[in-house]
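Please open the model in your viewer, with the chains coloured separately, and follow the stops below in order. Each stop names a selection and then describes what is found there.

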There are 2 protein chains.
Amino acid sequence: MKNCRLIEFHRIGSTDVGYLTPLEGNKNIPFDIKRVYYIYDVPTEIPRGFHAHRKLEQVLFCLQGSVRVKVEDGEKTDVIPLDAPHKGLYVGPMVWHEMFDFEENTVMMVLASDYYEEKDYIRDYEEFNELLNTDII
Amino acid sequence: MKNCRLIEFHRIGSTDVGYLTPLEGNKNIPFDIKRVYYIYDVPTEIPRGFHAHRKLEQVLFCLQGSVRVKVEDGEKTDVIPLDAPHKGLYVGPMVWHEMFDFEENTVMMVLASDYYEEKDYIRDYEEFNELLNTDII
């Protein structure tokens, strides 16, 4: 799928001492890390997301528990389970995404390539599809 | 304590939809975010850390579960519980730190001001105290 791929990161450690996963901007993360946010205490029946970004690049992680992420690029739709802390889902520009089936106590953590800017969000699904067809992105 | 303080961050949301805590480099995080790492699956009896940094600045979070962090600046020692995802512990240069009492399923996440560099670590406690007394840091 365009602008969307699963990345497997390192797990340094062992079951004896625990694990550490390192992420570095412009190294194993394909952008400068300007913003980090995390989502927690989400009731299991609540979906989140429902938007795309014009320019923002992100990598989504599930550090505890599990969640499913629906992604759409206008041509394809996929549902990707995030269920291991060392797996990250790269979501680039113009990918509609929805997170759902949050397991109890799930923690999602997201690295983003820029600061929060409301103008970068496309929150209307019809507008998202129209923009994909105009080729002016 | 020198170079060490607890910071309370925002929680955006509600119990109905869950919470989001946003962190931005050089905004509510007092440095550029070059590196992010997270620690998980740590057996409850295993302590971690046992080092200080010459220059690195970090903010430590506990996104799930709880952990206690012992910090020392050469003059004072403190034990700080990290038990809520929106609380971060800023740990600057020359603070010896140890993490212990990891609750089961705890996830620690750390933002760091620079890439991993082994030369920046002081892993010997006596050397740490000697360096504090030499004033050449």
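Begin by selecting the residues where the two chains meet: 38 residues of chain A are in contact with 38 residues of chain B, contact being taken as heavy atoms within 4.5 Å. This is a predicted model, in which local features need pLDDT of at least 70 and side-chain atom pairs count only at pLDDT 80 or more, while totals for chains, interfaces and linings use all residues. Residues are numbered from 1 along each chain as its sequence is written, chains are lettered from A and ligands numbered from 1 in the order in which they are written, and side-chain values use heavy atoms, with hydrogens and water left out.

Chain A and chain B bury about 3,300 Å² between them, and 54% of that area is on carbon and sulfur atoms; buried area is the accessible area (1.4 Å probe) that two parts lose on being put together, summed over both. Between chain A and chain B there are 20 residue pairs in polar contact, both residues being at pLDDT 80 or more. A polar contact is a pair of N or O atoms within 3.5 Å, and within protein one must be able to donate a hydrogen and the other to accept it, residues adjacent in sequence counting only if both atoms are side-chain atoms.

Now colour the side of chain A that touches chain B by element: β3 (18–24), β4 (35–40), β6 (58–64) and β11 (107–112) of chain A each give two or more residues to it, and β3(A) gives the most, with 7 residues. Helices (H or I, at least four residues) and strands (E, at least two) are DSSP runs, numbered from the N terminus.

Next, show the side chains of A:Arg35 and B:Glu24, which form a salt bridge whose closest N and O atoms are 3.0 Å apart. The count between the two chains is 2 salt bridges, each a side-chain nitrogen of Lys or Arg within 4 Å of a carboxyl oxygen of Asp or Glu.

A:Ile39 stands opposite B:Leu20 in β3(B).

Within chain A, select strand β7 (residues 67–72), which is joined by 6 bridges to the antiparallel strand β8 (residues 77–82), with A:Arg68 opposite A:Pro81 in β8(A). The hairpin of β7(A) and β8(A) has 4 residues between the strands, and there A:Gly74 takes a positive phi near 95°. β7(A) is also joined by 5 bridges to strand β10 (residues 96–100) of chain A, again running antiparallel, and A:Lys70 has A:Glu98 in β10(A) as its bridge partner.

Move to chain B and centre on B:His97, in strand β10 (residues 96–100). Is this residue buried or exposed? B:His97 counts as buried because its relative accessibility is 3%, where buried means under 20% relative accessible area, exposed over 50%, and partly exposed in between (1.4 Å probe, protein chains only). A polar atom of the B:His97 side chain lies 3.0 Å from the backbone oxygen of B:Val95.

Finally, select B:Thr106, in the loop between β10 and β11 (107–112) of chain B, which is buried with a relative accessible area of 3%. A polar atom of the B:Thr106 side chain lies 2.7 Å from the backbone oxygen of B:Glu103.

Terms used. Two strands pair if DSSP finds at least two bridges between them.
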